[in-house]
Amino acid sequence: MSGHFLGRKLGQAAVTIVAIVLLNFVLFRLMPGSPDRILLRNPNATPEAIAAIRERWGLDKPLFPDQLVDYIAATARFDLGDSFKFRGQTVGDVILDRVGPTVLLVGLGELISVIVGLAIGAYAGWKRGGVVDRVGSSVSLVLYSMPYFVIGMPLIVILAAGLGWFPTSGMQDVGAETGFVGGLVDLARHLALPLLTVSLGLIGQYSILMRSAIIETRSEDYITTARAKGLPDGRVLRRHAFPNALLPMVTLIAINFGYVIAGAITAEIVFSWPGLGTLTITALSARDYPVLQGIFLLVAISVVIANLLADLVYGVLDPRVRV
Amino acid sequence: MSDPAMSDPRDDAVPVRGRRQWDLPKQADPTAPLLEVRDLRTHFKLDRGWVKAVDGVSFNLADGEALGLAGESGCGKTTTALSMVRLLPENGRIRKGSSIKLFGIDLVPKTERQLQRYRWREISIVFQGAMNALNPVIRVRDQIAEPVRVRLGQSETSSRKRALELLDLVGIPSRRSDAYPHELSGGMRQRAIIAMALACDPAIVIGDEPTTALDAMVQAQILQLLEQLRRDLGLSLMLITHDLSVIAETCDRALIMYAGKVAEEGPVSRVFTAARHPYTQKLLGAFPNIRSDRRTLEVIPGSPPDLLNPPPGCRFAPRCQYVMPICSEVVPPEITFDDGVRVACHLYTTASEGAIGSQTTTVEPTAATAAAASPASRASA
Ligand SMILES: Nc1ncnc2c1ncn2[C@@H]1O[C@H](COP(=O)(O)OP(=O)(O)O)[C@@H](O)[C@H]1O
Ligand code: SF4
Ligand SMILES: [Mg+2]
C-alpha cells in the first residue's frame with residue numbers, strides 16, 4: 001500500500017469528521033426546545049436567571065462565529081461540556097463510563113458474526129442448492145428480517161426467565177463473586193444473550209451477503225481456470241473464490257457499522273446492558289443534549305474510522321487499489 | 001492393452017510421448033492414440049428442454065499434432081473443449097454413449113474427483129479472456145507455481161523455480177515475476193496464462209480463442225509463441241478460433257463445426273484448398289484472402305439454428321444453397337475421402353447410397369461439389 005493511498009484515505013476521513021462536527025453543531029441548535037429553557041425547567045424563572053444561564057453556556061453570543069468557534073475549540077480539546085442529567089459530571093466522564101460495555105458487545109458481536117456469517121455464506125453459496133444453503137439461507141433471511149428485540153425477547157423468555165440459564169439483564173450480579181475468574185464468568189453469563197441477539201441478526205445478514213458474493217465470484221473465469229488446474233474443490237473455494245468474494249464484503253461490513261451500533265442499542269435496552277444504548281435512552285428522556293451530542297459525535301466518528309479501516313484492509317487484500 | 005494394429009501408426013508418436021517429464025496415468029495404454037473423441041454429445045438443460053450444443057462430434061488428436069476448431073460463434077467449440085475436462089456450466093451434461101479417450105482411458109465415466117488427476121497434468125486450457133482468466137489478487141508467479149506444487153507435489157522452492165523458468169520460456173522478464181495480473185498488459189497476461197498451461201507439462205493444450213481479446217500485433221506474437229512452443233516442446237494443440245487464417249497458419253488439421261456437429265474435418269492443406277462441405281465453402285468465401293483479410297464469419301447470410309429444436313436432417317439446410325429434399329429429412333452421415341477429409345453432407349452420399357452410415361467409404365466429389373468449389377459459383381452466392 002502506498003503512502004499516497006494512505007494519505008488520501010486519511011484526508012477523506014478527516015474531512016468527513018470535520019463535516020460531522022459541523023453537523024453536530026447545527027443539528028443540536030436547530031432542535032426544538034432551546035437548551036436554556038430545558039436547563040431551567042422553571043416557567044417562573046426570572047429574566048435575570050435566564051440571562052445568567054445563557055451567559056454561563058455561551059448562548060448569549062451570536063451563533064456565528066462566536067458559538068461555532070467556541071464549540072470547535074472545545075471539541076478539539078475533547079471538552080464536550082457538562083451533562084444536564086448527571087450533575088457534576090462532564091459529558092466525557094459519562095460516556096467513558098458506558099463505552100466499555102458497548103465496545104465489548106459490538107466488538108465481540110461483529111467478530112463472531114463476521115467469522116460465522118462469512119463462513120456459512122461462503123459455503124452455502126459455493127454449494128448452492130445444497131443442504132447448508134437451503135437451511136442456512138432461509139434461517140438467515142428470517143434472522144436478517146427480525147429486529148433485535150424480536151430476536152432478544154424469546155431468548156429472555158426461554159433461556160433466561162424460563163430455564164434460568166442466564167440472567168435476564170444487567171452486566172453483573174449484585175454482590176457478584178469476587179476474583180478475576182469469578183468476575184469473568186459472571187460477565188460472560190450476562191453477556192451471552194445480548195451477544196447472541198446481536199450476533200444472530202448480523203450472522204443472518206453477513207451470510208446472505210457473502211452467499212451472493214460467492215455466487216457471483218463462482219462464475220468468474222479465474223475460478224474456471226482454478227478448477228481446470230485440477231485443484232481440489234476446497235482449495236478453489238478458500239484460495240481463489242473466498243479472497244475475491246471478501247472484497248465487496250469489507251466495504252459492506254464497514255458501511256453497515258452504524259447499523260450495528262444502532263442494533264446494539266436496541267439489544268442493550270432489551271437486556272438493560274449498561275452501555276451507550278441505555279445511556280442514549282436515559283439522555284433522551286432527560287433531554288440531556290450535551291450527552292446526546294457526545295454520543296452522536298462518538299458514533300459518527302467510529303463509523304468514519306470503521307470505513308477508514310475498511311479502506312485500509314481493502315488495500316491490503318486487493319492489489320489493484322495499491323497504486 | 002489394445003491390439004497394436006489398431007493404434008496410431010505414426011512413428012513420432014512414441015518420441016513425443018517419451019518427452020514427458022511425468023508418468024502416464026496408471027491405466028494408460030501407451031500404444032493408444034493420444035486423444036480419441038467419439039460421438040461426443042454435450043447438452044445443456046433449460047426449462048424448455050435440452051440445448052444440443054455438441055451433438056455427435058468425433059475427432060482424433062495425435063501426438064504433436066495441432067488441430068484447429070472453427071465455426072461461427074455458438075456452434076459448440078467451447079462446449080467441445082470444456083467437455084474434454086468436464087468444466088461445463090452446471091446445466092451441462094455429457095450424454096450416454098459419448099467417449100473421450102486419452103491414452104485409451106475413457107474420461108466420461110470418471111467421477112469429478114478422478115477427473116482432477118487429468119486436469120492440467122494431461123489437458124490444460126488457455127481461455128479466451130486474458131483479462132479474467134487470472135486471479136486478480138494472486139501474484140502471477142504464484143498462480144503458475146500453484147499446480148506444480150499442489151498437483152505434482154513439488155516443494156515451494158522448486159515450484160517457484162519452475163514458475164520462473166516458465167515465465168522466461170514465454171518471454172516475460174524475470175523482473176516482472178512479482179507482478180499481479182493487473183500490472184501486466186493483455187499480451188503479457190496471455191503469455192503468463194500460456195506459461196501456466198505448460199506448468200505440469202501436459203499432453204494436450206487447448207487454446208479457446210486465445211488471441212481474440214488482443215490487438216492484431218499482439219495476436220501475431222502470441223500465435224508465434226504457441227507455434228514455437230509446440231515445436232520445442234512437442235505439444236499437442238487444440239486451437240479454437242473463428243479466425244480461419246490462424247488455423248491455416250498454425251494447424252495440421254482443421255475441424256469445421258456447424259450447429260454442434262462436424263461439417264468437415266481433414267488436413268489443413270485439403271480443407272482450405274478444396275473445401276467440400278457447403279458450409280466450409282461459405283466460411284472460406286467470407287475470407288477472400290486467408291492470409292491478409294481478417295473479416296469475421298458473420299457475413300454468411302442467415303443464422304445458425306436454434307439448438308433447442310434443431311432442424312431434422314442437415315442442420316445447415318435452411319442456409320444451404322445446394323439444399324436437396326433429402327437434406328431436411330435425413331441427417332447426413334460422415335464420409336471419409338481418400339485424402340483424409342471427412343465430410344457430413346448429402347452431396348457426397350447420393351452418389352453412393354450404400355455408403356450411408358459408413359465412416360470409411362471413399363467417395364469422389366460429385367459434379368455439384370466440383371462446381372460449388374469453383375470461384376464462379378462462389379461469386380454467385
Ligand atoms: N450453460 C448453457 N446453457 C444453455 N445453453 C448454453 C450454455 N452454454 C452454451 N450454451 C449454448 O450452446 C451453444 C454452443 O455454445 P459454445 O460452445 O459456447 O459455442 P462457441 O464456443 O462455438 O461459440 C450455443 O448455442 C450456446 O448458446
Ligand atoms: S446435406 Fe444438404 S443441406 Fe446439408 S450441407 Fe449438404 S447439401 Fe447442404
Ligand atoms: Mg466459444
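Modeller: Residues are numbered from 1 along each chain as written, and chains are lettered from A in the order in which they are written. In this predicted model local features need pLDDT of at least 70 and side-chain atom pairs count only at pLDDT 80 or more, while totals for chains, interfaces and linings use all residues; side-chain values use heavy atoms, without hydrogens and water.

Colleague: What makes strand 8 and strand 9 of chain B a pair?

Modeller: Two strands pair if DSSP finds at least two bridges between them. Strand 8 (residues 204–208) and strand 9 (residues 236–240) of chain B have 5 bridges in the parallel sense, so they count as paired. V205(B) stands opposite L237(B), and I204(B) has S236(B) as its bridge partner. Strands here are DSSP runs of E with at least two residues, and helices are runs of H or I with at least four, numbered from the N terminus.

Colleague: What pairs with strand 9 of chain B through L67(B)?

Modeller: Strand 3 of chain B pairs with strand 9 of chain B in the parallel sense over 4 bridges. The bridge partner of L67(B) is M238(B).

Colleague: Why are strand 7 and strand 12 of chain B said to stand at the edges?

Modeller: The open sheet has 8 strands in the order 7-8-9-3-10-11-13-12 (chain B), with mixed pairing. Strand 7 (123–126) and strand 12 (334–336) of chain B each have a single partner strand, so one side of each lacks a neighbour in the sheet.

Colleague: Why is strand 9 of chain B described as largely enclosed?

Modeller: Buried means under 20% relative accessible area, exposed over 50%, and partly exposed in between, with a 1.4 Å probe and protein chains only. In strand 9 of chain B, 5 of the 5 residues are buried, so the rest of the structure largely encloses it. S236(B), M238(B) and I240(B) point one way and L237(B) and L239(B) the other.

Colleague: Why is the unit of strand 8, helix 7 and strand 9 of chain B called right-handed?

Modeller: A crossover is right-handed if, with the strands pointing away from the viewer, the path from the first strand over the helix to the second runs clockwise. Strand 8, helix 7 (residues 216–233) and strand 9 of chain B make such a right-handed β-α-β unit.

Colleague: How do you know which parts of chain B to read with caution?

Modeller: pLDDT is the predictor's confidence in each residue, from 0 to 100. The mean for chain B is 85, but the pLDDT is below 50 over residues 352–381 of chain B. Where pLDDT is low, the predicted coordinates should not be read in detail.

Notes
Contact = heavy atoms within 4.5 Å.
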